[in-house]
Amino acid sequence: MTNPDFAGREYPATEPYSVGREKIREFADAVGASHPAHHDLVAARGLGYPDLVAPPTFAVVVAQRAEQQYVADPEAGIDFSRVVHADETFTYDRPIVAGDEIAAVLHVDSVTQRAGISMVTTRCELFAAADEGAPGEHVATVTSSLVVRGEDS
């Protein structure tokens, strides 16, 4: 069963993720995001962006790397084969663009157990990496809710 003592835990910032043009294009293709700003540098710059703009859900790429710290911790008690993704929200201060170096700080906001399942809410704060990888400008927040089914559910 998921360990409820992890509620309130904060993990250290991840190593910065380098956002590349091809990763943005590949992600956009995978999710069906056809806006030219995701694929064409001239179009993105014509809209005032310094480089290609990532689709809004691209932040999950960085967030899931941070969430892995929690999921992989054996003391957390999460059997990932029993996880069902319940909800995810994205809140942006600014778009993610190619050339960004994004670090994430993971917060386990809540762990609630009911009827043989655990409801887990995590929050990843994404920051443009500053000097020496320290968090700098806040870019986005990704909040995820997971259901971890118990052995009998």
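1. V105 lies in strand β3. Strands here are DSSP runs of E with at least two residues, helices are runs of H or I with at least four residues, and both are numbered from the N terminus. V105 is buried, with a relative accessible area of 8%. Buried means under 20% relative accessible area, exposed means over 50%, and partly exposed is in between, with a 1.4 Å probe and protein chains only.

2. This is a predicted model, in which local features need pLDDT of at least 70, side-chain atom pairs count only at pLDDT 80 or more, and totals for chains, interfaces and linings use all residues. Residues are numbered from 1 along each chain as its sequence is written, and side-chain values use heavy atoms, with hydrogens and water left out.

3. What does V105 touch, leaving aside its neighbours within four places in sequence? V105 is in contact with E10, Y11, A13, R123, C124, E125 and F127. Contact means heavy atoms within 4.5 Å. P4 is 101 residues from V105 along the chain, and their C-alpha atoms are separated by 20 Å.

4. Now the whole chain. It has three helices and five strands. From the N terminus on, the order is β-α-α-α-β-β-β-β. The C-alpha atoms fill a box of roughly 55 × 35 × 20 Å along the principal axes. Of the 153 residues, 42% are buried. Among contacts with a separation of 6 or more, 70% come from residues 24 or more positions apart.

5. Surface and charge come next. The accessible surface of the chain is about 7900 Å², and 51% of that belongs to carbon and sulfur atoms. Areas come from the Shrake-Rupley method with a 1.4 Å probe; for residues, only the protein chains shown count as cover. The chain has 11 positive and 24 negative side chains. The centres of the two sets lie 4 Å apart. Lys and Arg count as positive, Asp and Glu as negative, while His and the chain ends are not counted. Each charge is placed at NZ of Lys, CZ of Arg, CG of Asp or CD of Glu.

6. The structure holds four aromatic pairs. The ring centres of F6 and Y70 are 5.8 Å apart and the planes meet at 40°, so this pair is tilted. The pair links distant parts of the chain: F6 is in the segment before β1 (17-18), Y70 is in helix α3 (residues 59-71), and they are 64 residues apart. Rings of Phe, Tyr and Trp (its six-membered ring) pair if their centres lie within 6.5 Å; planes under 30 degrees apart are stacked, over 60 edge-to-face, and the rest tilted.

7. F6 and Y70 are both buried. Together with Y11, they form one aromatic cluster. R9 has its charged end over the ring of F6, 3.8 Å from the ring centre. A charge sits over a ring if NZ of Lys or CZ of Arg is within 6 Å of the ring centre and within 35 degrees of the ring normal.

8. Is A115 buried or exposed? A115 is exposed, with a relative accessible area of 82%. A115 lies in the loop between β3 (101-114) and β4 (117-129). Its phi is positive, about 45°, although A115 is not a glycine. Most residues other than glycine have a negative phi.

9. A33 lies in the loop between α1 and α2 (41-46). A33 is buried, with a relative accessible area of 17%. Not counting residues up to four places away in sequence, A33 touches A28, H38, H39 and P55.
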